[in-house]
Amino acid sequence: MANVKRAEPADDTIAVDVDFLLGRGADDDTQQEVFKIGDLSREFGVTLRTLRFYEDRGLLSPQRRGTTRLYSRQDRTRLRLILLAKMLGFSLTEAKQLIEIYHQPGGKRRQLEVALERFQEQHEILHQQKREIEDSIRAMDASIAHVEQTLRDWQN
């Protein structure tokens with residue numbers, strides 16, 4: 001099993017490092033062909049419920065042996081791409097669309113080309129959202145200062 005580098009979480013969730021999700025570094029040297037649900041849950045820091053949800057949405061397709069879900073290397077790669085897309089601000093529908101390009105003619109190169117285009121578009125969207133959030137924070141700071149001053153004026 002790969003030893004995953006995790007970023008420090010902001011809350012009680014486990015954040016997976018973007019380099020790991022991109023497949024960079026020595027973390028992807030596993031020769032394992034089949035993974036149980038608990039293996040992927042631990043490796044990627046997601047809950048069992050999350051993996052089942054992705055399965056219900058058609059994003060992952062584990063084989064079944066009785067009640068045991070057995071995930072392939074392809075499922076593991078798909079999970080990596082789902083989590084990367086999620087980290088980059090894409091919806092699960094958008095992630096599924098990007099993943100499915102791989103299975104079309106010329107899919108591997110086409111997937112990379114489409115991903116680059118979508119990443120660039122999303123990059124601009126995120127920067128716009130950042131500007132809007134910064135504007136909102138400035139307005140909130142001014143509003144807080146105004147209300148605090150008004151309360152102080154009433155106390156005098």
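## Briefing: pocket, salt bridges and buried residues

Ser41 sits in helix H2; helices (H or I, at least four residues) are DSSP runs, as strands (E, at least two) are, and are numbered from the N terminus. This is a predicted model, in which local features need pLDDT of at least 70 and side-chain atom pairs count only at pLDDT 80 or more, while totals for chains, interfaces and linings use all residues. Residues are numbered from 1 along each chain as its sequence is written, and side-chain values use heavy atoms, with hydrogens and water left out.

**Buried residues**

- Ser41 is buried, at a relative accessible area of 13% (buried means under 20% relative accessible area, exposed over 50%, partly exposed in between, with a 1.4 Å probe and protein chains only).
- Leaving aside residues up to four places away in sequence, Ser41 touches Val46, Thr47, Leu48 and Leu51; contact means heavy atoms within 4.5 Å.
- In H5, the buried residues are Leu92, Ala95, Leu98, Ile99 and Ile101.
- The cover over these buried residues of H5 includes helix H3 (48-56), H4 and H6.

**Salt bridges**

- Side chains of opposite charge can pair when their charged atoms come close.
- The whole structure holds 10 salt bridges, each being a side-chain nitrogen of Lys or Arg within 4 Å of a carboxyl oxygen of Asp or Glu.
- One of them joins the side chains of Asp39 and Arg42, at 3.2 Å from N to O.
- Asp39 and Arg42 are about one helical turn apart, because three residues separate their positions in helix H2 (residues 37-44).
- Asp39 counts as buried at 15% relative accessibility, whereas Arg42 counts as exposed at 57%.
- Glu94 and Arg118 also meet in a salt bridge through their side chains, at 2.9 Å from N to O.
- This pair links distant parts of the chain, with Glu94 in helix H5 and Arg118 in helix H6, 24 residues apart.
- Glu94 is partly exposed, with a relative accessible area of 26%.
- Arg110 forms a salt bridge with Glu113, and their closest N and O atoms are 3.8 Å apart.
- Arg110 and Glu113 are three residues apart in helix H6, so about one helical turn separates them.

**The largest pocket**

- The largest pocket contains about 680 Å³ of space, a volume being the space filled by probe spheres set on grid points that are joined across faces, edges and corners.
- On a 1 Å grid over the protein atoms alone, a pocket is an open set of points where a 1.4 Å probe fits, with protein on both sides within 12 Å along at least five of seven lines; lining residues have an atom within 4 Å of a point.
- The lining has 24 residues, and those closest to the centre of the pocket are Thr77, Leu81, Tyr102, Gln111 and Leu112.
- At least two lining residues come from each of helix H1 (18-22), helix H4 (73-87), helix H5 (92-101) and helix H6 (107-155).
- H4 gives the largest share of the lining, nine residues.
- By type, the lining has 13 nonpolar, five polar and six charged residues; Ala, Val, Leu, Ile, Met, Phe, Trp, Tyr, Cys and Pro count as nonpolar, Asp, Glu, Lys and Arg as charged, and the others, Gly among them, as polar.
- Domain 1 (31-90) and domain 2 (104-155) each supply at least three residues of the lining, with domain bounds taken from an automatic or database domain assignment.
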